[in-house]
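Visitor: Please take a close look at one residue in the core and its surroundings, then widen the view from there.

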Amino acid sequence: MHEYLLTMRGIEKRFPGVLALNGVDFTLRSGEIHALMGENGAGKSTLIKVLTGVYQMDGGEIRLEGTPMVIRSPQDAQNKGISTVYQEITLCPNLTVAENIYIGRGKHPWVRQRDLEKRADEILSRLGIPARSTQLLGSCSLAVQQMVAIARAVDMNCKVLILDEPTSSLDDKEVKRLFDLMRDLKSKDVGIIFVTHFLDQVYEVSDRITVLRNGELVGEYLTEELPQIQLVSKMIGKELEELSNLGETEEKEIGKKEVFYEAKGLASSDALPFDFSIRKGEVNGFTGLLGSGRSESVRAIFGADKVTGGAVKIGGKPVKILRPVDAMKHGIGYLAEDRKRDGIIAELSVRENIILALQVMNGMFKPISRNESEAFADEYIKVLNIKTASRETPVGSLSGGNQQKVILARWLLTHPDYLILDEPTRGIDVGTKLEIQKLVLKLAEEGVSVTFISSEVEEMLRTCSRLIVMRDRHVVGELTGKDLNQTQVMKTIAGGEA
Amino acid sequence: MKKKDGKFSLGSLGQLTIPLIAIALLVVFNLIRDPGFFSIGISHNSNGNAVLSGNIISIINGASELAILAMGMTLVTAACGGQDISVGAAAAIAGSVFVKVLKSGSGISGGTVILAFLCSCIVAMLFGCFNGTLVAVFKIQPMIATLILYTCGRSIAYWINGGATPTVTSSIVNGIGSFIPGIPIPTPVIIVVVMALLFKLLFHFTALRLFTQSVGINGSAARLNGIDARFIKLLSFIILGVCVSVSGCIGVSRLGLINHETLLLDIEMDTILAVAIGGNSLGGGKFKLSGSIIGAYVIQTLTITLYAMKVSSTDVKAYKAIVIILLVVIGSPVIKERFGRWISHLRQRRVKVSAKGAEEG
Amino acid sequence: MRKFKALFLVTILVLCCMLAGCGKDEKKDGKIKVGVVNNPPSESGYREANVKDMEKVFSEANGYELKTFYSQKNDEQLQAANGFITDGVDYLLISAAETTGWDEVLKKAKEAGVKVYLFDRMINVDESLYEAAVVSDMAAEGDTAVKWLLSLNLSEYKVIHIQGAMGSDAQIGRTGALDEQFASGKMKKVVQQTATWDEAEAKKIVESVINSGEDFNVIYAENDGMAKGAVAALDEAGITHGVDGKVVVIGFDCNKWALRELLAGKWNYDGQCSPFQAQIISDLIKSGKAPASKTIINEEKGFDAKTLTQADIDTYGLGD
């Protein structure tokens, strides 16, 4: 038995114009849970894809139990004992659990259905997965589905199990059950690579942490020896100091300014009634777990879903906002949570994407002339430092961060009084995240009200002067001043003494 | 989507590449077959007017209805990501209304013709509205929604005028369908130019193009940017209605008779094809009207070529199909990408060779 | 395409039946009950004239009580025929949508003592099951037209032949005689193409011949619409046609407007597949005698521009 289950040495992977992995080392011992950490674009997923044969590496060496090997394809990786369970479940919901465990591996098509079910039941009970083999997979909870995917991997005698963001769609109980299963597998000498962006979970379950940044290895650490704050700083590198400076520039004198937007009992098809107001130049945030109703609430403000009730005042005057266009006419802009689905018009150019909202506000019969629109586009490409080949490049071919900037430009061009940003920093690189946070503060200084939502509480604490906390689609607290800290937020979310 | 260097992919040559190449090939083919094929002459028609004649005129003239429909269809395709297959049937209705109004008065004056056209236009727009409502409000697949009118449209046309083939005899109507005295260019061609200009003005003085493309590419995002997607889709069908009416009236005026069963028969498929040959995605989104118009002329050139070659009746459709399959396959993303890669490969080679040459020199 | 139409007609029929059922149940003494199963008038100008002719001949004034059903679907026609038999009609007149599937119904009619006449279209059943079939001979139409063309004694025949939808009865019948002439070399085929009954397509075909510069002196179009399309192409090119013109124009169907073109001397000949079978059947019914042959060929008309009169147009012209 070799000391290390898996070693990857000096892994290099190039994409046109980018060195995605630059001599990265990674070591996995059997019977450990090893967290792979890094910001978006750090190279985590590229490394995983090299390991599972989706990409071919350009340099370096992979050894499994000391033997060098080339992994040609995902199938090849599976045969060699490297299995992956993805974030989105890739099984078939309308087949039974047993069929899902054995599908696509049928070297013996004549094996009887009943034998398969019997074997599946054995595995399920061995791993303590609460499912029957004859049940349809779709009738199981997401967590159980994920576990079935793991059971499938285990049954293939996998030595290395990669869990890519397995907890992002699970609730707390389900996460706990998954962790139990992971610990169980660990005791059976399986090496688990755990990719996640939830720091707490890393500390709860992992033994070791490897941090990547910008395609390079930062280091490998024992979890218990690495304080959380250190981990964050290693993930985002030298930017940390700059980050901590951001918050301090903010003065808390917003309380004196006039209220710009006020809603009483606002409700939509997706949001329960809530009260909300924001002052001029204020930055506030909505926080809460996924599904807590934070996105739904801001969508109701913008009229994005069917508004079912509530009284809204803007600048003290009652107004009706039933559709997005109403909100826009009252100076509200909304950057949607799902950039691909609700934000960009992928095949249109950067220029057309930038002028879109302004054009809608101008109306159908006052088209922005070509010259004018080119001037607008050039201006915002410069101001926001959008990296694009030209203003006529289709926006879909830009990187995530630059796409987000284009949408920001679109709303800035309308000169909104109130800008709602739902997850503007999701899935983009650290540099751009910072730029966006700075921009939010700058807008606030200019008197624009901003609602800023991020699943990274840290970001909100830095930028917002007031946080509205939601749980189970209700507003459960409002934090300001000295209450604006991680502990207090967590407590409020968890429903403790707020 | 590997357009990073973007210089030498076929896509960057523009979406008009394929239809233009197709036309060029057909022209070359015809010139080899018959050097005089494209000669234009001046002859005198039976009214004694000097008019242009020749195959080019036949092609451009004959494709008029198709070109006008293709413009409207492009818009519907872009906004809805689907096609209206009822244009032929709707044109039969529009044409029938045109004839009905013309025949209702005692004589046919310029005023009657305008009134008749306006009536037919309104009816066609109403039917467009019907299709548009099914698509935009009830979210029915365009092909399914328009299948209804496709199925019953020609029956409705029959009810308007009764059976047989009512005829109208009028020098004004004849002028619309053939030549206006003193103008040697066929009137339908002039109408196509006018329609194209109208579309150009429409896109210049409104933001319709941007809104239509946004709705077609990403309806959800368009909605969240305040665009009323339903209205845009409905509008596209109404505009198509105008095109349908214009085509229907041209079709009727050409011969001064309406045959509800054969007026613009099977034109819906040619129209969709024209849009596709023009390099427009049938899934909606970005569009180029000029592409569709050229597409219409490609189809017509093909038809006239086959007639000129006296291809036997039973074989015409098969030949047409072969050429169209070729065009569509060549225009497909797969071939485009391969071709683009091949060109950039050649290019790299040339750069290497020239670099080598430079070193040696 | 005609589903909707058929549905509409069925609905109307049902309503009519109900109305009829409510009001006049008492027997109409002396009236001969006739049930007609036909294709819908919207099918073509031919059918419209055919339907009108039936309604005219089998009128109450002529001593008939007429029931009609129109559909292009065989199964609907079968059902209607069954219904008529149950209603106790004396005579059943059928122009079937399809040639098969009629055995059962006709046997039932025979048992019920209902006499069956077929018109316009034959059915694939034993001859004993019907009294007589009055049908058109499509080939005869073509023959008549071609004979007429030969009688002109032109020095040469260079023909543009515009065909209807390939495979249709009318196309096959009207093409046959001309094909024989082409084969024998008596006439020269300049071009032979289908315009699928489409006027505009016919115009394009003739245009392309004109553009090619090839000479021709006869246009043989298999219906009036296509002949009109062809003539439009001639007009645009300034080529004379008709009685005193260079090109002989032949059309088919005898629409009134087409006959008027003949009368004006712009066309030369119009042939007809006669839609008028009602009088023949009525005569048979009234005489009560069995015909000499079960299959009666309806006489086909052909009109020469030189001999056509306004009276002919009024009598034989279709439409208005």
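Guide: Leaving aside neighbours within four places in sequence, C:Ile219 is in contact (C-beta atoms, placed from the backbone, within 7 Å) with C:Ile160, C:Val206, C:Ala227, C:Ala230, C:Val247, C:Val249 and C:Ile250. Residues are numbered from 1 along each chain as its sequence is written, and chains are lettered from A and ligands numbered from 1 in the order written. Because the model is predicted, local features need pLDDT of at least 70 and side-chain atom pairs count only at pLDDT 80 or more, while totals for chains, interfaces and linings use all residues.

C:Ile219 and C:Ala230 touch the most other members of the largest nonpolar core, which has 225 residues. Such a core is a set of buried Ala, Val, Leu, Ile, Met, Phe, Trp, Tyr and Cys residues joined through C-beta atoms within 7 Å; buried means 20 or more other C-beta atoms within 10 Å of a residue's own, again placed from the backbone. H11(B) gives the most to this core, with 16 residues; helices are DSSP runs of H or I, at least four residues, and strands are runs of E, at least two, numbered from the N terminus. A second, separate core of 65 residues includes A:Leu5, A:Ala131, A:Ile150 and A:Val190.

Between chains B and C, 33 residues of chain B are in contact with 39 residues of chain C. On the chain B side, the elements supplying at least two residues each include strand E1 (41-44), helix H6 (142-161) and helix H11 (229-255). H6(B) gives the most to that side, with five residues.

Terms used: Contact = placed C-beta atoms within 7 Å. Buried ≥ 20, exposed ≤ 12 C-beta atoms within 10 Å, placed from the backbone.
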